[in-house]
Amino acid sequence: MNAGKKKWWQSAVIYQVYPRSFQDSNGDGIGDLPGLIERLDYLQELGIDAIWLSPVCKSPQADNGYDISDYRDIDPMFGTLEDMDRLIAEGKKRGIGIILDLVLNHTSDEHPWFLAAKKSRDDPYHDYYVWRDGEEGTPPNDLRSAFSGSAWEWVPEVQQYYLHQFAVRQPDLNWDNPKVREALYDMIRWWMDRGVAGFRLDAVDLIAKVPDEKILANGPRLQEYFRELSRETFSHGDLVTVGETWNATVDLAKGYSNPDGSEFSMVFQFSHTMTDQVEGGSKWDLAPLDFLKFKSILAHWQTGLHGCGWNSIFWDNHDMPRVVSRWGNDKEYRVESAKMLATVLHGMQGTPYVYQGDELGMTNVAYPLEDYRDIELLNAYEELTAAGRPEEDVLYALQTRGRDNARTPMQWDDGPNAGFTEGEPWIRVNPNYVDINAKAALADPDSVFYCYKKLIALRKEYDIIRDGDFTLLEPDSDELFVYTRSLDGEQLLVVANFFGNTVPYDLPEGWDAGRADVLIHNYKDYEPGTLRPYEAFMLYQKD
């Protein structure tokens with residue numbers, strides 16, 4: 001049953017491409033836009049509706065493109081502006097929109113604005129950034145950068161410190177300056193005119209910082225800025241917008257994703273991704289998954305935003321380890337657990353995000369330190385070992401949680417460098433590409449790829465997946481993730497054994513395996529009364 005007119009992105013599935021690692025077309029070992037264009041037919045086969053493209057704007061690449069030096073040009077390593085126009089056009093031919101990664105909290109220190117800003121306090125661009133007086137060696141306060149060390153950097157030319165919430169080479173923009181905001185809005189409108197389908201807004205809950213009060217996230221003017229941003233830009237097109245808001249609560253997200261379109265389509269929130277680290281610690285402080293808390297958080301967001309906001313649903317991205325290695329079993333039950341995780345995610349309400357390679361069941365890597373490239377990981381190694389943490393423990397934590405797990409090249413086939421490049425890849429290819437690759441997956445009707453393809457198709461076929469109420473069942477089970485969706489006399493049941501044991505299980509009252517339709521199942525048969533390791537299925541019935 002159709003629940004009424006909806007936005008296109010509410011039935012869509014979005015696929016994230018990390019372009020540096022997707023497909024190289026010219027043999028330099030770095031993925032690029034022409035390479036992505038070559039692979040659009042593969043993504044069309046999968047059935048996705050839009051590509052979220054990690055940053056491709058001009059950048060010195062101090063933080064893999066999240067340090068932008070020119071918002072209106074493409075970095076030569078990825079191609080040209082003409083290549084981007086061609087990608088947008090070729091995507092449209094296949095029903096695939098292109099979503100750009102907008103970095104609005106900071107720029108590169110090589111951006112012309114900052115080059116002018118650091119020359120003189122009197123320069124008009126000086127106030128485009130966040131400066132504080134001080135003395136060299138004595139920062140204004142003890143704010144810390146997300147990438148280790150002080151969040152303040154001294155500039156002798158102006159005898160001031162500038163704020164950088166991330167790398168030293170990523171100075172924070174001053175959103176309190178209306179000229180900054182208008183310059184950014186003008187740039188966004190320029191991209192809208194080029195035909196993009198939307199934007200993902202990096203670290204956008206940090207733009208309203210008040211550093212003197214040590215407020216970085218959720219500053220007092222944040223929603224004012226969000227509404228002005230939408231009013232001046234996004235509201236003038238049929239776009240999807242998703243804000244990266246690490247610190248969002250359900251109540252805040254109701255505003256950020258208000259159905260009236262006054263702010264964003266949805267936000268990324270990350271509370272469920274922090275349930276396997278020591279509470280109050282960093283991502284490197286590993287702990288077993290708190291499964292009951294994990295389920296409770298996901299259910300809280302499902303019920304909390306129902307009818308008054310919109311969820312983005314995801315397991316991983318370019319900043320996270322591979323989900324099959326994190327919450328599945330990437331050895332004996334790699335295929336089963338990858339399918340289980342996909343089934344649990346895609347049965348929930350919201351817009352699903354598939355990170356490149358998830359549909360193949362790509363896994364983490366365990367490299368020696370010299371093979372890693374990520375600035376966050378390398379800085380963390382120095383900081384953690386300097387603090388006295390045993391080197392073996394540090395390396396294990398980095399291998400388990402490091403961002404490079406997601407950034408190894410896409411595994412296309414079993415040929416040299418997994419078909420990613422004819423040159424030397426910028427980062428090592430995962431050695432298991434010989435067995436785990438797209439060519440093998442496409443040839444195997446029982447592969448993880450076809451599970452994802454089926455789930456993506458089901459979202460478009462069944463309105464209940466988009467619109468139904470969510471109810472968590474078995475909330476106290478240490479092993480099972482079970483929920484229902486309900487809509488106008490229709491019922492959807494998702495059952496998953498999240499772990500590697502065999503578990504007794506009977507269907508809930510009112511459910512009959514003989515009467516219900518099995519929409520998807522990650523084992524070939526159904527055994528009443530039991531769930532095998534990582535077994536998952538989705539049932540549908542009408543009252």
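**A hairpin and its surroundings**

Guide: Eight bridges join β15 to strand β16 (residues 490–497), and the two run antiparallel. Strands pair here if DSSP finds at least two bridges between them. Strands are DSSP runs of E, at least two residues long, and helices are runs of H or I, at least four residues long; both are numbered from the N terminus. This is a predicted model: local features need pLDDT of at least 70, side-chain atom pairs count only at pLDDT 80 or more, and totals for chains, interfaces and linings use all residues. Residues are numbered from 1 along each chain as its sequence is written, and side-chain values use heavy atoms, with hydrogens and water left out.

Now the pairing itself. Tyr483 has Val494 of β16 as its bridge partner. The turn of this hairpin holds two residues between the strands. One of them, Asp488, has a positive phi of about 50°.

β15 has another partner, β14 (residues 469–473). Five bridges join β14 and β15, and they too run antiparallel. Asp469 stands opposite Ser486 in β15. This hairpin has six residues between its strands. Glu474 takes a positive phi near 50° there.

How enclosed is β15? Seven of the eight residues of β15 (residues 480–487) are buried, so the strand is largely enclosed by the rest of the structure. Buried means under 20% relative accessible area, exposed over 50%, and partly exposed in between (1.4 Å probe, protein chains only). In a regular strand, side chains alternate between the two faces of the sheet.

Next, helix α14. It covers residues 448–461, 14 residues in total. Its first and last C-alpha atoms are 20 Å apart, close to the 20 Å expected at 1.5 Å a residue. That expected span is 1.5 Å times one less than the number of residues. The buried residues of α14 include Phe449, Tyr452, Leu455 and Arg459. Cys451 is buried as well, at 8% relative accessible area. Cys57 also counts as buried, at 9% relative accessibility. The structure holds zero disulfides, a disulfide being a pair of cysteine sulfur atoms within 2.5 Å.

Last, a parallel sheet. Eight strands form an open sheet in the order β11-β10-β9-β5-β2-β1-β13-β12. The edge strands, β11 (266–268) and β12 (312–313), each pair on one side only. Within this sheet, four bridges join β9 (residues 198–202) to β10 (residues 240–244). Leu201 has Gly243 of β10 as its bridge partner.
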